[in-house]
Amino acid sequence: MLKKEYKDAWTTYNEEDKKALFDYAERYRKFISDNKTERECVETLVKEAEQHGYKNLDECIKNNAQLKTGDKVYANYGNKTLILYCIGKNDILDGMNLLGAHLDSPRLDLKPNPLYEDTNLAMLKTHYYGGVKKYQWVSLPLAMHGVIAKKDGTVIKVVIGESEDDPVFGISDLLIHLASEQMEKKLKEAISGEDLNVCFGTLPIDTDDEKLKNKVKENVLQILNTKYDITEEDLFSSEIQLVPAGKARDYGIDKSMVAGYGQDDRVCSYASFEAILEVENPDKTTCCILVDKEEIGSVGASGMNSNYFENTVAELLNLLGKYSELNVRRVLSKSKMLSSDVTAGADPNFPSALEKNNAAYFGKGVVLMKYTGSRGKSGSNEANAEYVAQLRKIMEDNNVYWQTCELGKIDLGGGGTIAYILAKYGMDVIDCGVPVHSMHAPWEITSKVDLYEMRKAYVAFLKDA
Ligand code: MN
Ligand code: MN
């Protein structure tokens with residue numbers, strides 16, 4: 001056929017396939033319900049990887065282990081970034097097949113000195129993380145997730161607001177009756193960053209001390225001390241995130257979609273993780289990179305721009321008896337990668353944001369994006385035509401439904417991923433993912449058939465690329 005038709009993937013499924021699809025969506029829905037920070041994701045995935053025979057790279061280094069074909073190792077950086085490898089049958093110097101996605105999501109972080117009392121309310125100051133539309137984060141039940149590290153070396157895990165008996169928190173909005181000034185403001189100014197203060201309590205501490213000020217804050221500190229054995233200063237060495245409270249849900253009367261927090265980019269992270277577990281004894285060495293800090297530019301020690309990934313490749317080569325500086329470069333330059341991140345799904349509520357011939361649609365499968373970027377492809381990594389052709393063939397051979405898109409109309413905005421960072425090594429990289437509605441909103445929407453086609457695409461890529 002001369003004409004390319006981007007089919008609706010749903011129509012190609014028989015009952016058995018549909019069951020596998022909905023089972024997968026259920027596993028995914030549970031994962032994003034239970035894991036709302038990069039730390040929680042890494043902890044859960046490390047446990048599961050170990051159950052599948054993955055060994056800690058640090059332990060292998062300490063024991064001077066010799067790695068061989070079929071061996072599986074993982075590297076955990078700071079409980080925020082996780083890299084998994086499965087040693088293939090072919091010489092690793094012929095390159096690896098890499099999947100990459102990110103585990104961090106937009107949210108509100110507590111400031112270093114967050115707690116104060118105002119108007120007889122205990123309040124928490126936050127600093128938003130990543131690209132958020134601030135007005136979306138008010139009058140919404142929020143849960144608190146994170147860790148508090150103490151001077152004695154203990155690290156206390158915090159999760160409040162997910163179980164039915166837990167309290168939730170929130171940021172108030174101004175009542176409509178008094179909002180005539182606010183309503184005249186631009187959307188981006190109606191709620192400012194310094195307005196994102198969380199209401200944390202109202203009960204004053206029970207005391208005879210008439211002179212004691214800020215009795216509500218005092219009571220909150222007492223509660224935190226009883227619950228976690230911490231003082232106010234301990235909050236300085238904490239990483240506490242406010243995220244939407246509650247589990248991800250089926251979406252739509254036909255339950256064909258998932259609504260949940262943090263789907264950007266745990267939707268690709270989870271599919272990548274399941275794919276590398278599924279492909280045992282691969283021909284080429286496989287690798288799955290699940291990285292932190294993408295939402296703020298891939299900076300920092302746990303971001304993709306750090307040398308951490310490259311260091312693990314050097315260690316891996318060393319344990320295979322093949323280390324040299326030159327070999328590290330050779331492996332990286334000969335590798336191939338799917339850099340996986342979500343993209344904008346065509347949305348009848350906002351048709352003017354997308355050019356319909358180059359938009360991604362719910363139900364049409366995994367999205368292959370030749371480039372991302374903005375304003376004249378700036379900041380993008382454009383995949384080579386030859387590599388795109390190879391991927392088309394892999395998708396066809398494995399009956400994977402795929403579509404292509406640009407991220408929105410030219411000059412409306414745009415965005416980048418981790419693709420350009422890996423491309424620096426000279427490897428073939430393409431952007432890949434699924435369409436999302438309400439990306440970066442507290443609740444994001446995906447189509448279950450796209451999730452499943454993406455998982456199929458990853459398995460096919462790891463085996464055949
Ligand atoms: Mn993303
Ligand atoms: Mn994002």
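Mentor: A donor is an N, O or S atom within 2.8 Å of the metal. This model is predicted.

Trainee: Where do Asp-264 and Glu-295 lie?

Mentor: Asp-264 is in helix H7, and Glu-295 is in the loop between strand E13 (285-291) and helix H8 (308-319). They are 31 residues apart, and the pair links distant parts of the chain. Both Asp-264 and Glu-295 are buried.

Trainee: Which protein atoms hold the manganese ion (ligand 1)?

Mentor: His-102 (NE2), Asp-264 (OD), Asp-341 (OD) and Asp-341 (OD), at 2.1 to 2.5 Å. Those distances fall within 2.8 Å, so these atoms count as donors too. Along the chain their spacing is H-x161-D-x76-D.

Trainee: How do you know that His-102 and Asp-341 tie together separate parts of the chain?

Mentor: His-102 is in strand E4 (residues 96-102), while Asp-341 is in the loop between strand E14 (336-340) and strand E15 (343-344). They are 239 residues apart in sequence, so the pair ties those parts together. Both residues are buried.

Trainee: On to charges. Why is the contact of Arg-27 with Glu-274 called a salt bridge?

Mentor: The closest N and O atoms are 2.7 Å apart. The cut-off is 4 Å, so the pair qualifies. Arg-27 sits in helix H1 (residues 15-34) and Glu-274 in helix H7 (residues 263-278), so the bridge ties together parts 247 residues apart in sequence.

Trainee: Arg-27 and Glu-274: buried or exposed?

Mentor: Arg-27 has a relative accessible area of 37%, between the limits of 20% and 50%, so Arg-27 is partly exposed. Glu-274 has 8%, under 20%, so Glu-274 is buried.

Trainee: What makes Glu-59 and Lys-62 a salt bridge?

Mentor: Their N to O distance is 3.9 Å. That is within 4 Å, so the pair counts. Both residues lie in helix H3 (residues 57-62), three residues apart, about one turn of the helix. Lys-62 has 64% relative accessibility, over 50%, so Lys-62 is exposed. Glu-59, at 38%, is partly exposed.

Trainee: Why does Asp-71 count as buried?

Mentor: Asp-71 has 18% relative accessibility, and the limit is under 20%, so Asp-71 is buried. Its salt-bridge partner Lys-68, 3.4 Å away by the closest N and O atoms, is exposed at 53%.

Trainee: How many salt bridges are there?

Mentor: The structure holds 31. Glu-26, Arg-29, Asp-250 and Lys-448 are linked in a network of them.

Trainee: Now the rings. Why is the pair Tyr-24 and Tyr-270 called stacked?

Mentor: The structure holds 10 aromatic pairs. In this one the ring centres are 6.0 Å apart and the planes meet at 25°. The centres are within 6.5 Å and the planes under 30 degrees apart, so the pair is stacked. Tyr-24 lies in helix H1 and Tyr-270 in helix H7, so the pair ties together parts 246 residues apart in sequence. Tyr-24 is buried at 1%, and Tyr-270 at 5%.

Trainee: What makes Phe-169 and Phe-200 tilted?

Mentor: Their planes stand at 40°, between 30 and 60 degrees, so the pair is tilted. The centres are 5.2 Å apart.

How values were computed: Residues are numbered from 1 along each chain as its sequence is written. Chains are lettered from A and ligands numbered from 1 in the order in which they are written. This is a predicted model: local features need pLDDT of at least 70, side-chain atom pairs count only at pLDDT 80 or more; totals for chains, interfaces and linings use all residues. Side-chain values use heavy atoms; hydrogens and water are left out. A salt bridge is a side-chain nitrogen of Lys or Arg within 4 Å of a carboxyl oxygen of Asp or Glu. Helices (H or I, at least four residues) and strands (E, at least two) are DSSP runs, numbered from the N terminus. Buried means under 20% relative accessible area, exposed over 50%, partly exposed in between (1.4 Å probe, protein chains only). Donors are N, O and S atoms within 2.8 Å of the metal (3.2 Å for Na, K and Ca); water is not among the atoms, so sites may look incomplete.
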